[in-house]
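Hello,

Here is the structure I promised to pass on. Please open it first, then read my notes below.

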Amino acid sequence: MTKPAKKVRYDSTIYHGTGQGDKVDVSAWEKVFTPPPVLEALAELGFSEPTEIQKLALPAAIKERMDIIGAAETGSGKTLAFGIPIIHGILSDKQYEAENPHEEQLTVGWRTVNKKTVVKA
Ligand SMILES: Nc1ncnc2c1ncn2[C@@H]1O[C@H](COP(=O)(O)OP(=O)(O)OP(=O)(O)O)[C@@H](O)[C@H]1O
(Lines give C-alpha, C1' and ligand atoms only; values in the text may rest on other atoms or scores of the structure.)
Protein backbone atom coordinates (compact mmCIF):
# COMPACT_ATOMS: atom_id res chain seq x y z
CA MET A 1 0.00 0.00 0.00
CA THR A 2 1.44 3.42 -0.96
CA LYS A 3 1.53 6.27 1.50
CA PRO A 4 -0.55 9.38 0.67
CA ALA A 5 1.48 12.33 -0.65
CA LYS A 6 2.73 14.65 2.07
CA LYS A 7 0.94 18.01 2.05
CA VAL A 8 3.23 21.01 2.03
CA ARG A 9 1.90 24.43 3.00
CA TYR A 10 3.17 27.08 0.61
CA ASP A 11 1.65 30.52 1.02
CA SER A 12 2.74 32.69 -1.89
CA THR A 13 1.35 35.84 -0.26
CA ILE A 14 3.79 35.38 2.62
CA TYR A 15 6.84 33.95 0.93
CA HIS A 16 7.12 35.99 -2.25
CA GLY A 17 8.10 39.62 -2.70
CA THR A 18 6.45 41.98 -5.15
CA GLY A 19 9.28 41.63 -7.67
CA GLN A 20 8.25 45.05 -8.97
CA GLY A 21 11.13 47.03 -7.48
CA ASP A 22 8.87 48.87 -4.99
CA LYS A 23 10.77 49.11 -1.72
CA VAL A 24 8.94 47.80 1.33
CA ASP A 25 9.31 48.47 5.06
CA VAL A 26 11.89 46.00 6.36
CA SER A 27 11.94 47.07 10.03
CA ALA A 28 10.90 43.54 11.04
CA TRP A 29 14.27 42.33 9.71
CA GLU A 30 16.16 44.83 11.86
CA LYS A 31 14.69 43.14 14.96
CA VAL A 32 16.47 39.91 13.96
CA PHE A 33 19.83 41.69 13.51
CA THR A 34 19.94 41.68 9.70
CA PRO A 35 22.95 43.71 8.48
CA PRO A 36 22.11 47.03 6.74
CA PRO A 37 23.40 46.07 3.26
CA VAL A 38 21.11 43.04 3.34
CA LEU A 39 18.17 45.18 4.52
CA GLU A 40 18.57 47.24 1.39
CA ALA A 41 18.42 44.15 -0.82
CA LEU A 42 15.41 42.75 1.05
CA ALA A 43 13.56 46.05 0.62
CA GLU A 44 14.17 45.92 -3.12
CA LEU A 45 13.03 42.31 -3.28
CA GLY A 46 9.85 43.23 -1.40
CA PHE A 47 10.54 40.78 1.46
CA SER A 48 8.77 42.69 4.22
CA GLU A 49 9.38 40.25 7.05
CA PRO A 50 11.35 37.16 7.94
CA THR A 51 9.70 33.76 7.79
CA GLU A 52 9.40 31.65 10.93
CA ILE A 53 12.65 29.74 10.43
CA GLN A 54 14.43 33.03 9.70
CA LYS A 55 13.01 34.63 12.88
CA LEU A 56 14.34 31.70 14.89
CA ALA A 57 17.72 31.31 13.22
CA LEU A 58 18.93 34.87 12.63
CA PRO A 59 19.14 36.20 16.22
CA ALA A 60 20.76 32.98 17.44
CA ALA A 61 23.32 32.97 14.62
CA ILE A 62 24.04 36.72 14.39
CA LYS A 63 23.60 38.04 17.94
CA GLU A 64 24.30 34.93 20.00
CA ARG A 65 26.91 33.69 17.48
CA MET A 66 25.70 30.11 17.70
CA ASP A 67 26.02 27.34 15.15
CA ILE A 68 22.51 26.41 13.95
CA ILE A 69 20.87 23.14 13.01
CA GLY A 70 17.48 24.07 11.51
CA ALA A 71 14.52 22.07 10.22
CA ALA A 72 11.57 23.55 8.31
CA GLU A 73 9.45 22.58 5.35
CA THR A 74 10.49 23.20 1.76
CA GLY A 75 9.96 26.76 0.56
CA SER A 76 10.02 28.15 4.11
CA GLY A 77 13.10 30.34 3.61
CA LYS A 78 15.91 28.19 4.96
CA THR A 79 18.36 29.52 2.37
CA LEU A 80 18.24 33.06 3.79
CA ALA A 81 18.10 31.65 7.33
CA PHE A 82 21.68 30.45 6.87
CA GLY A 83 22.69 32.82 4.05
CA ILE A 84 22.16 36.07 5.95
CA PRO A 85 24.32 34.96 8.92
CA ILE A 86 27.08 33.97 6.46
CA ILE A 87 26.90 37.43 4.87
CA HIS A 88 26.96 38.98 8.35
CA GLY A 89 30.13 36.99 9.16
CA ILE A 90 31.85 38.11 5.95
CA LEU A 91 30.88 41.76 6.53
CA SER A 92 32.13 41.59 10.13
CA ASP A 93 35.46 40.12 9.04
CA LYS A 94 35.85 42.74 6.31
CA GLN A 95 35.08 45.53 8.76
CA TYR A 96 37.61 44.16 11.26
CA GLU A 97 40.28 43.89 8.57
CA ALA A 98 39.61 47.47 7.44
CA GLU A 99 39.83 48.76 11.01
CA ASN A 100 42.91 46.65 11.91
CA PRO A 101 45.01 46.49 8.73
CA HIS A 102 48.20 45.27 10.46
CA GLU A 103 46.68 42.70 12.78
CA GLU A 104 46.66 39.03 11.91
CA GLN A 105 43.17 37.56 12.04
CA LEU A 106 42.95 34.55 14.26
CA THR A 107 39.67 34.60 16.15
CA VAL A 108 37.35 36.97 14.33
CA GLY A 109 33.68 36.77 13.47
CA TRP A 110 32.51 33.48 12.10
CA ARG A 111 35.61 31.56 13.08
CA THR A 112 35.05 32.14 16.79
CA VAL A 113 31.64 30.45 16.79
CA ASN A 114 31.64 27.54 19.20
CA LYS A 115 28.13 27.29 20.62
CA LYS A 116 25.30 25.28 19.12
CA THR A 117 21.53 25.64 18.98
CA VAL A 118 18.73 23.71 17.32
CA VAL A 119 15.67 25.44 15.84
CA LYS A 120 12.57 24.00 14.20
CA ALA A 121 9.86 26.01 12.42
N1 LIG B 1 11.22 36.43 4.21
C2 LIG B 1 10.85 36.17 2.97
N3 LIG B 1 9.88 36.90 2.40
C4 LIG B 1 9.47 36.65 1.12
N5 LIG B 1 10.01 35.67 0.35
C6 LIG B 1 10.99 34.92 0.88
C7 LIG B 1 11.47 35.13 2.21
N8 LIG B 1 12.46 34.24 2.46
C9 LIG B 1 12.60 33.52 1.35
N10 LIG B 1 11.73 33.91 0.40
C11 LIG B 1 11.53 33.32 -0.94
O12 LIG B 1 10.78 32.12 -0.74
C13 LIG B 1 11.18 31.13 -1.67
C14 LIG B 1 11.56 29.86 -0.92
O15 LIG B 1 12.69 30.11 -0.12
P16 LIG B 1 13.90 29.07 0.03
O17 LIG B 1 14.26 28.51 -1.30
O18 LIG B 1 14.94 29.71 0.85
O19 LIG B 1 13.19 27.93 0.88
P20 LIG B 1 13.90 26.65 1.45
O21 LIG B 1 13.27 26.43 2.78
O22 LIG B 1 15.39 26.79 1.39
O23 LIG B 1 13.39 25.57 0.41
P24 LIG B 1 14.02 24.12 0.09
O25 LIG B 1 13.75 23.28 1.30
O26 LIG B 1 13.22 23.69 -1.11
O27 LIG B 1 15.48 24.31 -0.20
C28 LIG B 1 12.32 31.72 -2.48
O29 LIG B 1 11.76 32.23 -3.68
C30 LIG B 1 12.81 32.87 -1.61
O31 LIG B 1 13.41 33.89 -2.37
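Bear in mind that this is a predicted model.

I started with the core. The largest nonpolar core has 16 residues, and Ala57, Leu58, Ala60 and Val119 touch the most other members. Helices α4 (52-63) and α5 each supply at least two residues of this core. The top contributor is α4, with six residues. In soluble globular proteins, nonpolar side chains tend to be buried together.

Take Ala57 as an example. Setting aside neighbours within four places in sequence, Ala57 is in contact with Ile68, Gly70, Ala81, Phe82 and Val119.

An unreviewed UniProt entry annotates residues 27-55 as "short sequence motif: Q motif". In the model, that stretch is 62% helix and 0% strand. The C-alpha atoms at its ends are 13 Å apart.

Ala71 lies in β1 (residues 66-71). Is Ala71 buried or exposed? Ala71 counts as exposed, because it has 11 C-beta neighbours inside 10 Å, and the cut-off for exposed is 12 or fewer. Gly46 is 25 residues away from Ala71 along the chain, and their C-alpha atoms are separated by 25 Å.

Best wishes

Notes
Residues are numbered from 1 along each chain as its sequence is written. This is a predicted model: local features need pLDDT of at least 70, side-chain atom pairs count only at pLDDT 80 or more; totals for chains, interfaces and linings use all residues. UniProt positions are given in the numbering used here, feature names are shortened, and annotations may be inferred rather than shown by experiment. Helices (H or I, at least four residues) and strands (E, at least two) are DSSP runs, numbered from the N terminus. A residue is buried if 20 or more other C-beta atoms lie within 10 Å of its own, exposed if 12 or fewer, and partly exposed in between; C-beta atoms are placed from the backbone. A nonpolar core is a set of buried Ala, Val, Leu, Ile, Met, Phe, Trp, Tyr and Cys residues joined through C-beta atoms within 7 Å. Two residues are in contact if their C-beta atoms, placed from the backbone, lie within 7 Å.
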